[in-house]
Amino acid sequence: MRRLTVAQALVRFLAAQYTERDGERHRLIAATWGIFGHGNVAGVGQALIEEDGMPFHQGRNEQAMVHAAVGYARQRNRLSAHAVTTSIGPGATNLVTGAALATVNHLPVLLLPGDTFATRPADPVLQQLQVPGAGDVSVNDCLRPVSRSFDRIVRPEALVPAALEAMRVLSDPAATGAVTLALPQDVQAEAYDWPEEFFAERTWRIRRTRPDRAELDAAARAVREAARPLVVAGGGVRHSAAEDALRAFAERAGLPVATTQAGKGALPHDHPCEVGGLGHTGTATANDLARAADLVIGVGTRYTDFTTASGTLFAPDARFLNLNVTGFDAHKQAAPLPLVADAREGLAALTGALGDAPARPVTWAAAKAAWEARVTAAHAVPDEAARPTQAQVLGVLDTLCDTTDILINAAGSLPGDLHKLWRTRSRDQYHVEYGYSCMGYEIPAAIGVLLAAPGRPVWALVGDGTYLMNPTEIVTAVQERLPLKLVLLQNHGYASIGGLSEAVGAERYGTDYRLRAEDGSFTGPPLPVDLGANAASLGMRVLRPRTIGDLREALADARAATDPTCVYIETETADSVSGPPPAQAWWDVPVAEISTRPSAVKAREEYDRHVTARRRRL
Ligand SMILES: Cc1ncc(C[n+]2csc(CCOP(=O)(O)OP(=O)(O)O)c2C)c(N)n1
Ligand SMILES: [Mg+2]
């Protein structure tokens, strides 16, 4: 028996948990992020001092700490994760967005919010929200729907099964996401006699599920018989480290491989089988192949609306073969051919089951080259003295990056531009969080990636709107001496949603950052903000290029820098010549069915035309 508080026992337990996959062992919970308040300072906070085996990082905002943990877990292919401790009340509810992001993206993070007293000596205590008629509910219940697993430790001994179950979920490839253990403030500090074996080292094997024989036979037959198959590679390829297996499968069968945002980089951009992004933000090459495909082979994809062009991309009679570690995703698109397995195991088994069928010839080389020419055109710089468009910023970055660089982004117009234009050189270079597309993910996630991949150039690409939503983790990068590279693109508001607003007849309403004008509208001059000065005030070195020529120097300087460096640049509005190629497939954003405004009436006519192409698969 060992006498410890609940918080001390939990931290000791977490420091002894490991994962194992492919013969390699990793810490399951490699570090803990925290912001202390009365709900965790004397419990988990005190316990962290006593535990040498648990590194600690100090965050500025609870949501951002979860983003940092998620960035870390993705970079570590889910073999290792972080915990996040918060106080109760606002500290705990600030976790909700981060938890949802983790769960949507199937990325493990352990959340340890403080909770109101289990013993209820004084109701309410500071920051307690009481629900009349439901005395057992606290604000932490907001975390239930966004967590893969939720438990509240109202008695010390309940920690033992709850902690073990939390580790099981975190390390299960089919179940993982945010896992919450809510820790009432009084229980955290309570002492208990723990069985010694609770603290023994435990290794959680990350399962590589093999396919079912009958599912595999049916899948292999479909691949052999298909006339125009297309592979859709999603984030599951990355999580499973299935890139080599995917390459072998694609080469062996002669298959084009299109990618989702989470799957981009599964093959390097110049591999003959790689046909680029798929769907609304995808390439013409991939989308044309998708429209013609008779068999869609989804590998580790959730088939979001961006991937399927809101149900309009694939032919009505296309068949779907879905290789996925979860039955839920394997049965998407009313799939007649689910293949429930780990991506790497499933791809290897499929390759082995192809028999001696010859590889199909590559028929898409000309289309791939044509798209490549469009990328080159979008990057082209006719005048070094001009202000760059966003695509030209990406073009300059493209000339500087090698296989070691990692790009992080999540929202705005950048995910679309990157999906269409970025030439991904290595399997972990493209880190775009588009499952939750959460503004403000970029800077904290970059910190998590830097912790997971020290020495690599890590770029957070951030729009001005995104920056304003969550810049404060810059201070954490400074504190941790991490060479964060922040590219801050100033275009005075929401270029992405502004463009979308115009397309759906909403007239860019409320999307530009402008002063309120005499008539009450936001049509005055751009807001007099200096985001570069803001980043500098938080401790970053800030470079302020104005022209494309300056930008080249600034980005090269930032890339070589060993201190946190921001490149703050005002971008030029792109037109149809200087911008990235337009969308090659639809995205469903419903338009007002009736309106007094001609722009909305016109947009609705357009919308109705598209809607007729939508196909529900039953
Ligand atoms: C937390 C959050 N709130 C709102 C949105 C909806 N949204 C998507 S893009 C965007 C604007 C992004 O602006 P900025 O970062 O300046 O990028 P730009 O569109 O100018 O490229 C908004 C509000 C979101 N994705 N995330
Ligand atoms: Mg902007």
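1. Basis. The model is predicted, so local features are reported at pLDDT of at least 70 and side-chain atom pairs at pLDDT 80 or more, while totals for chains, interfaces and linings use all residues. Residues are numbered from 1 along each chain as its sequence is written, chains are lettered from A and ligands numbered from 1 in the order in which they are written, and side-chain values use heavy atoms, with hydrogens and water left out.

2. Two packed helices are described by the angle between their axes and the distance between the axes. Helices (H or I, at least four residues) and strands (E, at least two) are DSSP runs, numbered from the N terminus. Axes are lines fitted to C-alpha atoms, for helices over the stretch in contact, and angles run from 0 to 180 degrees between N-to-C directions. Helix H3 (residues 62–75) packs against helix H18 (residues 442–452) at an angle of about 40°, the axes being 7 Å apart. H3 and H18 are therefore oblique to each other (angles under 35 degrees count as roughly parallel, over 145 as roughly antiparallel, 65 to 115 as roughly perpendicular and the rest as oblique).

3. H3 contributes Ala64, His67, Ala68, Gly71, Tyr72 and Gln75, and H18 contributes Pro444, Ala445, Gly448, Val449, Leu451 and Ala452; contact means heavy atoms within 4.5 Å. Of the residues in the contact of H3 with H18, 8 are nonpolar, 4 are polar and none is charged. Here Ala, Val, Leu, Ile, Met, Phe, Trp, Tyr, Cys and Pro count as nonpolar, Asp, Glu, Lys and Arg as charged, and the others, Gly among them, as polar.

4. Asn470. Asn470 is in the loop between helix H19 (464–469) and helix H20 (474–479). Its relative accessible area is 8%, so Asn470 is buried (buried means under 20% relative accessible area, exposed over 50%, partly exposed in between, with a 1.4 Å probe and protein chains only). Leaving out residues up to four places away in sequence, Asn470 touches Ala64, His67, Gly440, Ile443 and Pro444.

5. Aromatic pairs. Rings of Phe, Tyr and Trp (its six-membered ring) pair if their centres lie within 6.5 Å; planes under 30 degrees apart count as stacked, over 60 as edge-to-face and the rest as tilted. The count by this rule is 11 aromatic pairs. Phe13 and Phe198 are stacked, at 4.6 Å centre to centre with 10° between the planes. Phe13 lies in helix H1 (residues 6–14) and Phe198 in the loop between strand E10 (191–194) and strand E11 (202–205), so this pair ties together parts that are 185 residues apart in sequence. Phe13 and Phe198 are both buried.

6. Edge-to-face pair. Tyr192 and Trp194 pair edge-to-face, with 4.8 Å between centres and 70° between the planes. Tyr192 is partly exposed at 27% relative accessible area, whereas Trp194 is buried at 0%. Ring pairs join Phe13, Tyr192, Trp194, Phe198 and Phe199 into a cluster.

7. Backbone exceptions. The peptide bond from Asp123 to Pro124 is cis, with omega near -5°, and Pro124 is in the loop between strand E7 (109–115) and strand E8 (149–152). Tyr303 has a positive phi near 55° although not a glycine; Tyr303 is in the loop between strand E15 (295–299) and helix H12 (305–308) and is buried at 7% relative accessibility. Glu507 also has a positive phi near 55°. Glu507 is in the loop between helix H21 (495–503) and helix H22 (531–537) and is partly exposed at 38%.

8. Helix H5. In H5 (residues 96–104), the residues Gly98, Ala99, Ala100, Leu101, Ala102 and Thr103 are buried. Their cover includes H3, E7 and strand E9 (178–184).

9. Ala386. Ala386 is in the loop between helix H15 (365–379) and helix H16 (390–400) and is partly exposed at 26% relative accessibility. Not counting residues up to four places away in sequence, Ala386 touches Arg546, Thr547 and Ile548.
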